[in-house]
Amino acid sequence: MSRLPSTRSILIGVAAISMLTACGGRERPQADLAASQVTTIGVNSYLWRASLDTLSFMPLTQTDSNGGVILTDWYVNPQKSNERMKLNVSILDQDLRADALRVAASRQVRNGNTWVDAPVKAATTQKLEQIILTKARDLRRGAITN
């Protein structure tokens, strides 16, 4: 006993085939070049670029774009020669999000001829994270409009 497909089954089949053939056409949707995951590195490229730009005044000791790590050497501000800072920036994700960025800082003050560890205000690292995030968002906005 053979059973013929119902009209409803035929319509569903035709609709499914139509959708699949639309995917295989030559015309592709325009790629969003500013998408947060468009990157050839292991982390968000906008956060990476913004971090490097923001820290460009400091000497870098290590950069790892796949691991998302930027380490600086000690930096002495010419206006505060008795104080120096060292930063560790970690980019934790491929998405452009606030929780994908962590900045850790070490600070030392001069005591005679030696450097002594000193506390870093939480606001310092928060401000650096905010600057990097703002710059990354600006880079992304610029990529969208170009």
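**Helix contact and pocket**

Modeller: In this predicted model, Tyr46, Leu47, Arg49, Ala50, Ser51, Asp53 and Thr54 of α2 meet Leu128, Ile131, Ile132, Leu133, Lys135, Ala136, Leu139, Arg140 and Ala143 of α3 (contact: heavy atoms within 4.5 Å). Local features need pLDDT of at least 70, side-chain atom pairs count only at pLDDT 80 or more, and totals for chains, interfaces and linings use all residues. Numbering starts from 1 along each chain as its sequence is written, and side-chain values use heavy atoms, without hydrogens and water.

Biologist: At what angle do α2 and α3 pack?

Modeller: Two packed helices are described by the angle between their axes and the distance between the axes. Here α2 (residues 45-54) and α3 (residues 122-145) pack at about 125°, with axes 8 Å apart.

Biologist: What is the volume of the largest pocket?

Modeller: Rolling a probe the size of a water molecule over the atoms shows where empty space is left. The largest pocket has about 330 Å³ (an open set of points on a 1 Å grid where a 1.4 Å probe fits, with protein on both sides within 12 Å along at least five of seven lines; lining residues have an atom within 4 Å of a point). Of its 17 lining residues, Tyr75, Asn77, Glu83, Met85 and Thr124 are closest to the centre. β4 gives the largest share of the lining, four residues.

Note on methods
Axes fitted to C-alpha atoms, helices over the stretch in contact; angles between N-to-C directions. Helix = DSSP H or I, 4+ residues; strand = E, 2+ residues; numbered from the N terminus. Points joined across faces, edges and corners; volume = space filled by probe spheres on them.
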